[in-house]
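Hi everyone, thanks for coming. Today I'd like to walk you through one structure, step by step, so please have a look at it with me.

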There are 2 protein chains.
Amino acid sequence: MLFLSRYPFKTLKSIPKISDNKWTWLLLQAGFIRQEMAGAYKYLPFWLKVIQKISDIVRDEMNKTWASELLLSSLWSKENWTKTWRWDTVDVLFKVPANSSSSKKEYALNCTHEESITPLVWEFIQSYKDLPISVYQIQTKFRNELRAKSWLLRGREFLMKDLYSFHSTDEDFKKYYEIQKKAYTNIFLKSWIKKEDLFMAIADWWDFTEKFSHEFQVKIWIWEDNIYVCKFCWQAHNEEVIDTNNFICKNCWAEKEVHFNASEVWNIFPLETKFSDAFDLKFNDENWKLKKVIMWCYWIWISRLMWVIAEYSLDEKWLVWPESISPFSHYLICHWEQNRETAIKIAEDIEKNILWSEVLIDDRDLWFWQKAWDADLLWIPNRIIISDKTLKNWWYELKKRTSEKTEIIKI
Amino acid sequence: MLFLSRYPFKTLKSIPKISDNKWTWLLLQAGFIRQEMAGAYKYLPFWLKVIQKISDIVRDEMNKTWASELLLSSLWSKENWTKTWRWDTVDVLFKVPANSSSSKKEYALNCTHEESITPLVWEFIQSYKDLPISVYQIQTKFRNELRAKSWLLRGREFLMKDLYSFHSTDEDFKKYYEIQKKAYTNIFLKSWIKKEDLFMAIADWWDFTEKFSHEFQVKIWIWEDNIYVCKFCWQAHNEEVIDTNNFICKNCWAEKEVHFNASEVWNIFPLETKFSDAFDLKFNDENWKLKKVIMWCYWIWISRLMWVIAEYSLDEKWLVWPESISPFSHYLICHWEQNRETAIKIAEDIEKNILWSEVLIDDRDLWFWQKAWDADLLWIPNRIIISDKTLKNWWYELKKRTSEKTEIIKI
């Protein structure tokens, strides 16, 4: 239960001029985000609540796959990055000068964590009995982008879930991969993205292996990628891996395709033994033969996923939060001076009886239409109105954002 | 419920050579932390669980003071830091070269957030009715320290709760300050630090005001600060603000003192109008006169607090987690092949019936003494043993880490 009169961040009456598309201005106007600089954002309290809810959904599904959550540091010494030769080749890596007597000392500010996780698990892997290992974190990533694009879609600082899995055999990986795929599907379904709009596309040829990486794409009007889906086997392809004038499916070799616009929310990369080689990550198999550990990584861009969900859940005028990640479940409008006690009582009843519910009470001294406007703008899925008229008959009005009807609820 | 056989990070048999004191090697040996570089740490899963629990305690108490949680970015443009002249004066500020065509472009990597929060609330403050405002975040901070000291105590990267409050009058601040003081005391009591070991000391003379800052100090053997407490009025003083050879209490002017060793866990600074001046943060009072907003900030170093709690909760040989922040409440030892089903049943019963309980089941194929060693090393507050012998009589053994006795519990 939160009282809006105690909440410092107000919505804007007019459309902020700095936005470049409708969904961005809705986020700005509703007071969910503010820009700190190109590619970095301030997350205001209601947006942070959404972030925390989606993170909990991700966490819950990852834990079910027996992955252990940890937290690696953002700053690293240069040393491990030179072992993989990536200090000089990853152009989006931030290099931070250290406050030291030697003016040349620098730290790496992470954009990915293979150089940190591989030496860590190295300490704990001796034999095949120690495998598989699967660890993940939900952490801020930094990318030294030349140009920050499309607001939350590609930033210099963003929230990422990165999971790394370590296997003794390809078969073992494949088994775990199916478990992960199920977990990812659960995450997207819980965030109310429909199964028919989810595509697992073949993406870039990964530079140090001869395999494709895969990405989960969501079919959506505001897009970054062009996706070509085979009409025969329904395999999706990122445009980067096909000839767009002469489509041939990489799976079944059929030649008919459908074209979609989509946004990427998940990525999986075969790291193979690239990092095992660099850090000498080996294990003893059943016959005491030393073998290289096989490694994969799996990403979800949390802040990007939220952006996609926000765009995906729009109606003709506003966006509507899916109930599972909405900052509040109910927005309660009342004449505060007159009906204070009843309002609190109704909110308490709702929070007690409806799982995961949380009520935002608009107790401000404002006109009804101003409150109704904010209820719409904040996209809370359920709106409750109580007034002297409704209370006379011991009921309140409930309107779901996804429905046209107003329901009458007995108190 | 977690099964240890599925957990990748094992404890160490011997004391790691890289540690510099007993409590650090216990944290290393138990597999709670690993060093990434001097001043930056990898938080392994059990340590992260403790972090999450203490963060939730902090969050809960902050929300009760009507503070709103948000999340500011780590990277900022240089612009706001030059407005406060701190770009050149804060020597621990990391300055990060941008990937840009102009080779001189740099970003700030935060060590504190006044330059970000002040322009944000500026947008939402017009009149005295918009005040007070209180916002906080739990976020990673970066400090470009010349030397990183004492492991987790003073690092280059660490977790901080920073709260900023904005007031129209000093009286209003004082009212809110008392509320915060109560919240902080609750946090420390919930983390099992005894009231008699908590001191609110007068600390540094704050550079841009004529007021002292205050810090919460915990009386502890492993320390950073020397605290002088007045025997008369019990006011504590950091040694930096007194003449240690000739003590005079800053509160009652008495001249008798007691000397303690202590570690700082909380800090409060009067920011006064320093940042309001820099960013022109003003409000209209009741008479439509423009006045400057008064600003304070309140810190808790989360990772440092955990360190202090860990040291504070030691017994003669090990450390014992307080139940409120222990990664698990119970450590269950059994012969897995024989008693698997009963073990799971007992764990389920405990998690269902005891609030906040979570059971770590040691289902590994190891000797009993190896499991008992890990139970001790991981500092879980309750140890449960089931065996054929105990099960014959339908009971299990429960030993609290803080007690000598073993209890017999009926199943």
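Let me start with a word we will need: two residues are in contact if their C-beta atoms, placed from the backbone, lie within 7 Å. Now for some housekeeping. This is a predicted model, in which local features need pLDDT of at least 70, side-chain atom pairs count only at pLDDT 80 or more, and totals for chains, interfaces and linings use all residues. Residues are numbered from 1 along each chain as its sequence is written, while chains are lettered from A and ligands numbered from 1 in the order in which they are written.

So, how do the two chains meet? Of the interface residues of chain A, 100% are also interface residues in chain B, so the copies meet through the same surface.

Next, the symmetry. Two copies of a chain are related by a rotation about an axis and a shift along it. Here, chain A is superposed on chain B by a rotation of 180 degrees with 0.0 Å of shift along the axis, at an RMSD of 0.0 Å. That is the relation of a two-fold axis. The superposition is by least squares on the C-alpha atoms of residues with pLDDT of at least 70 in both copies. Which residue of chain A comes closest to the rotation axis? It is A:Val96, with its C-alpha at 2.6 Å.

Let's stay with A:Val96 for a moment. Its bridge partner in strand 7 of chain A is A:Tyr107. Strands here are DSSP runs of E with at least two residues, helices are runs of H or I with at least four, and both are numbered from the N terminus. Strand 6 of chain A is joined to strand 7 (residues 106-109) by four bridges, and the two run antiparallel. Two strands count as paired if DSSP finds at least two bridges between them.

Now step back to chain A as a whole. Its C-alpha trace spans about 80 × 65 × 45 Å along its principal axes, and the chain has eleven helices and 22 strands. An automatic or database domain assignment sets the domain bounds: domain 1 of chain A is 2-9 + 328-410, and domain 2 is 32-193 + 264-312. The centres of these two domains, taken over C-alpha atoms, are 40 Å apart.

What about the inside? We call a residue buried if 20 or more other C-beta atoms lie within 10 Å of its own, exposed if 12 or fewer, and partly exposed in between, with C-beta atoms placed from the backbone. By that rule, 45% of the 411 residues in chain A are buried. Strand 11 (residues 212-219) of chain A is mostly covered, with six of its eight residues buried. Six bridges join strand 11 to strand 14 (residues 257-272) of chain A, running antiparallel, and there A:His214 stands opposite A:Ile268.

Finally, a look at chain B. In helix 1 (residues 22-29), the buried residues are B:Thr24, B:Leu26, B:Leu27 and B:Leu28. The buried residues of this helix pack against strand 2 (33-37) and helix 8 (302-312) of chain B. Just after helix 1, B:Gly31 takes a positive phi of about 75 degrees.
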